[in-house]
2 protein chains.
Amino acid sequence: MIDIPETVSSIKQAAEFTGLSEDTIRYYEKIGLLPYADRKASGHRTYSKHQLEGMVFLTRLKATGMTLEEMKHFRKLYERGEASLPQRVSILIEHKNRIQNEIDRLLETQRIIDYKIDNYNEVLVNPDLNKKWKSPFAD
Amino acid sequence: MIDIPETVSSIKQAAEFTGLSEDTIRYYEKIGLLPYADRKASGHRTYSKHQLEGMVFLTRLKATGMTLEEMKHFRKLYERGEASLPQRVSILIEHKNRIQNEIDRLLETQRIIDYKIDNYNEVLVNPDLNKKWKSPFAD
DNA sequence: TCTTGACTTGGAGTGTACTCCAAGTTGTAT
DNA sequence: ATACAACTTGGAGTACACTCCAAGTCAAGA
């Protein structure tokens, strides 16, 4: 990962460092997933390193299947301060479990794909075998 | 997995055995992802075990991130017969690699979540530590 | 025969997450 | 001073994958 400067003073740079698009950053702010960003005198958004890291963490949660609504909820808990810590922990634990289930599902599908690739390769070597696998896409 | 009978004679049963909804099955047929299903004299759809297994395989590809368009492409190759075998193998290999990348990403996010959970727990034990972690959502 | 329920069709509507646009403002280089 | 790029806003449009609906047909039981 690129290392993030202490502050950036344009949405373009924020996009560059977080991997989000400029439009997506504005959209997230619009729906309340990101807090209203500080503006310069010109009205342009500025971001601290702190905020950029938060955005990167959001992209990770999203990339692992958390919805924008769930992330908004998490953010609201964060804003309520320390009292919400236990709730935040349990959300993270639950999300971690979801990720684990997803991993298990992916591994199983990899096994099935391997099986199909093996079948395909056998048919490539000996086309007469073709009739043996009647399963769709497998023969 | 439930075992699938040799044939089913309604879309309801097909839905039951594949896990897809009736509407989704009709939708897949409409967009050409599934071939036009055989109909009884009444016009009701019937499906062979062969076809049901194909539908289950589609759900796996979809659950692991393949789009409907990509699946349509794969299906068309399948319909072109044996000559498309090498192409189908390479699509499967590529998809398997995508799954691997996804798994790697999920594992990395799990590690990050673990790190955050640890931080949270430390703060829960000793609230004074709270100032140490300035990273959003992490403190 | 009549009702009930499962099915058929084409097409409209939904939810999520963007993505783009028009009109206007500001900052920088020549 | 002027051009031009980068930014601002509210709001409209898009892509994907369904999901629902209305109107009609068909099969089986009371």
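Chain A of this predicted model is built from five helices and two strands, where helices (H or I, at least four residues) and strands (E, at least two) are DSSP runs numbered from the N terminus. Read from the N terminus on, the elements of chain A follow the order β-α-α-β-α-α-α. Residues are numbered from 1 along each chain as its sequence is written, chains are lettered from A and ligands numbered from 1 in the order in which they are written, and side-chain values use heavy atoms, with hydrogens and water left out. In this predicted model, local features need pLDDT of at least 70 and side-chain atom pairs count only at pLDDT 80 or more, whereas totals for chains, interfaces and linings use all residues.

Of the 139 residues of chain A, 40% count as buried, a term that stands for under 20% relative accessible area, with exposed meaning over 50% and partly exposed in between (1.4 Å probe, protein chains only). Among the contacts in chain A with a separation of 6 or more, 46% are made by residues 24 or more positions apart, a contact being heavy atoms within 4.5 Å.

Helix 1 of chain A, residues 11–18, has A:Ile11, A:Ala14, A:Ala15, A:Phe17 and A:Thr18 as buried residues. The cover over these buried residues includes strand 1 (7–8), helix 2, strand 2 (47–48) and helix 3 (49–63) of chain A. Just after helix 1 of chain A comes A:Gly19, which takes a positive phi of about 85°.

Of the atoms of DNA strand C that come within 4 Å of the protein, 70% are accounted for by sugar and phosphate. Polar contacts (pairs of N or O atoms within 3.5 Å; within protein, one must be able to donate a hydrogen and the other to accept it, and residues adjacent in sequence count only if both atoms are side-chain atoms) are made to phosphate oxygens of DNA strand C by the side chain of B:Arg45 at 2.6 Å, by the side chain of B:Ser10 at 2.8 Å and by a polar backbone atom of A:Leu68 at 3.5 Å. Helix 2 (22–30) of chain A, helix 1 (11–18) of chain B and helix 2 (22–30) of chain B each supply at least two residues of the surface near DNA strand C, and the largest share, four residues, comes from helix 2 of chain A. This surface near DNA strand C divides into four nonpolar, six polar and eight charged residues, with Ala, Val, Leu, Ile, Met, Phe, Trp, Tyr, Cys and Pro counted as nonpolar, Asp, Glu, Lys and Arg as charged, and the others, Gly among them, as polar.

DNA strand D is likewise surrounded by 18 residues, and the closest are A:Ser10, A:Arg39, A:Arg45, B:Asp23 and B:Tyr28. A polar side-chain atom of A:Ser10 lies 2.9 Å from a phosphate oxygen of DNA strand D, while base nitrogens of DNA strand D are reached by the side chain of A:Lys30 at 3.2 Å and by that of B:Asp23 at 3.4 Å. Helix 2 of chain B gives the largest share of the surface near DNA strand D, four residues.

In chain B, helix 5 (residues 85–125) holds B:His95, which counts as buried at 1% relative accessibility. Leaving aside residues up to four places away in sequence, B:His95 touches A:Ile113, B:Leu61, B:Thr64, B:Gly65 and B:Met66. Helix 5 of chain B also contains B:Arg88, which is buried with a relative accessible area of 2% and whose side chain reaches the backbone oxygen of B:Gly81 at 3.1 Å.

Terms used. A residue is near a molecule or strand if one of its heavy atoms lies within 4 Å of it.
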